[in-house]
Amino acid sequence: MSENYVYITTPIYYPNDKPHLGHAYTTVLADITARWFSLLGYNVFFLTGTDEHGLKLQREAEKRGMQPKAFVDMMSEVFKDYWRKLNIGYSRFIRTTDPDHEELVKRVVEELWKKGFVYKGIYRGWYCSGCEKFYSEKEYVVVDGKPYCPIHQRPLEYIEEETYFLKLSQFKDYMLKVLREGNHVFPKNYADEVASKIELEGLQDLSIARPKERVSWGIELPFDKRFTIYVWIDALLNYLTGIGYGADMERFEKFWRGSIQFIGKDILWFHTAVWFTLLAMLGIPPPRKLVVHGYLTVRGQKMGKSLGNVVSIDDMLARYGSADAVRFIIARIANFEKDSDISWDIYDSIYSGDLVNNYGNLVRRVTALALKIFNGEVEKDVDESHASVVRQLVQKAIESYNEVRINDATKIAMDIAHETNAYLNREAPWAKESPVKTVYTALESVRLVTLLLHPVMPTTTKQILDALGVEIEKGLNQFNFGYIEKYRVKEAPIPFKKLPKQETQAQ
Ligand code: MSP
């Protein structure tokens, strides 16, 4: 990655309700990535926030009898609270009502206008305020003869109005080249999906203005004050505001070269066809990596407020007892290619199998041995047979993390724990006369699993490393087997409590 700078973003979420496990999914994966690169010593900027303008929020505030600003002020705090509960270490929480953002949006739209990328026209079409987008005939579904939103499964509204368009069509060849030949979208099949859609349907110009009498809650269009700016244009530009585009271009460019943007596949079109084009119009290359994940589903259907099948973050925290455990489960189920069906049975077995019985048990066993046999003081003595197995796995985990394959990295960390438990069973150091080699080797293995899990479970792993008497450093050296000359072990906490027997709710 260029010059040691990494810029991580999540989508900015609509604060029309509190966040649920679907929002936590993206945000936790982004946070783990930010913490990973920070652990390696990169200069990391991690942006998340709320998308506060537009019809959806305007209507939600109306429904609650509140002014939109008062409503989003309240709800953005709710988001921050949940991110605190999940230990999300963002560098900035951006709100699209932040003055620097509103100013940037106006400036950019004015620039696009001056460059001739914007023109006046009439829009006729079917709109979903849930998605804040128009649906073409090919995209909507027909229920009882009426056009329906395929995501929210409710009728679309017919809208015909004066507007301004952004000339996306002019960038069709550019987009196809970037998607087909570039390496910006991960996994690559999402790039192919968008490219095929463009080849089939073309790249239509995008309506970027809304008449104020319909959508008053938005940023004013600088060159025609009868309009507000379309919420998606406003929202996408948050990624530029977040790292000071326009204010400090040198800094912006450094971070932009190391940008990793996380999204769910629901907003893939906006983050490729619209976002990459918008960037190109401003002379900015696409992000270094757009990481796209599948949906969390409930019985095969996307989980979301509108379908009323939401699993709450509170339920997860209550069931597994800590932010770390919830973060671990998210890391373990992370799936970029496929949707992931929510299941308490699977989550319980991850918690019990991986955290309680495998990793937690290993930590207790090894620290107890070190204390009992050596009073905690264990000198360096490497057993090469086990060390070479662990070294290879650590290497693979590092590569996985660097490629943002978080689920693989977490799984490999569990493999190291598993191998080390088996190593202890085989070597039975408790029955040996001088087991220093086995115990040191096991301690090193525990340390490395713990370091690898640090981005996923920052609190618990810190406590465990403290018990091992090890400081967390920045950089890759600490991942070498045999890095610690002498251990001074203290008693470790019981990191994960057994789940109480509970009825598994069928999900
Ligand atoms: N405000 C827009 C994004 C603008 S970004 C410039 C938006 N907000 S949203 O609140 O609807 O959040 C969508 C994102 O939330 C998804 O892209 C995904 O990251 C996350 N998810 C919401 N529900 C989800 C699932 N059921 N499964 C997986 N991710 C989910 O769209």
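Visitor: Which atom of the ligand lies 3.1 Å from a backbone N or O atom of Gly264?

Guide: An oxygen atom of the ligand sits at that 3.1 Å distance from Gly264. It is a polar contact, a pair of N or O atoms within 3.5 Å. Before we go on: this is a predicted model, where local features need pLDDT of at least 70 and side-chain atom pairs pLDDT 80 or more, while totals for chains, interfaces and linings use all residues. Residues are numbered from 1 along each chain as its sequence is written, and side-chain values use heavy atoms, with hydrogens and water left out.

Visitor: Good to know. And what does the side chain of Asp266 do with the ligand?

Guide: One of its N or O atoms is 2.8 Å from an oxygen atom of the ligand. Gly22 takes part through its backbone, where a polar atom is 3.5 Å from a nitrogen atom of the ligand.

Visitor: How much of the ligand's accessible area does the protein cover?

Guide: The ligand has 670 Å² on its own, and the protein covers 95% of that (Shrake-Rupley method, 1.4 Å probe).

Visitor: Which elements give two or more residues to the shell?

Guide: Those are β1 (5-13), α1 (21-39), α7 (231-236) and α8 (238-242). Helices here are DSSP runs of H or I with at least four residues and strands are runs of E with at least two, numbered from the N terminus. The largest share, 4 residues, comes from α1.

Visitor: How many residues surround the ligand altogether?

Guide: There are 25, each with a heavy atom within 4 Å of the ligand. The closest are Thr26, Asp51, Asp266, Leu296 and Met303.

Visitor: Switching topic: what volume does the second largest pocket have?

Guide: About 550 Å³. Its lining counts 24 residues, and closest to the centre are Tyr123, Phe134, Ser136, Glu139 and Gln204.

Visitor: Which element gives the largest share of that lining?

Guide: β4 does, with 4 residues. At least two residues each come from β4 (118-128), β5 (133-135), α6 (189-201), β10 (206-207) and α10 (268-281).

Visitor: How many cavities of 30 Å³ or more are there?

Guide: The count comes to 1, with a volume of about 60 Å³ for the largest cavity. Lining this cavity are 13 residues, among them Gly54, Arg210, Val215, Ile229 and Val231, which are the closest to its centre.

Visitor: What counts as a cavity, and what as a pocket?

Guide: On a 1 Å grid over the protein atoms alone, a cavity is a set of points where a 1.4 Å probe fits but cannot get out, whereas a pocket is an open set with protein on both sides within 12 Å along at least five of seven lines; lining residues have an atom within 4 Å of a point. Points join across faces, edges and corners, and the volume is the space filled by probe spheres set on them.

Visitor: How many salt bridges does the structure hold?

Guide: It holds 43, taking a side-chain nitrogen of Lys or Arg within 4 Å of a carboxyl oxygen of Asp or Glu. One of them joins Lys120 to Glu162, with the closest N and O atoms 3.3 Å apart. That pair links distant parts of the chain: Lys120 is in strand β4 and Glu162 in strand β8 (residues 157-166), 42 residues apart.

Notes
A polar contact is a pair of N or O atoms within 3.5 Å; within protein, one must be able to donate a hydrogen and the other to accept it, and residues adjacent in sequence count only if both atoms are side-chain atoms.
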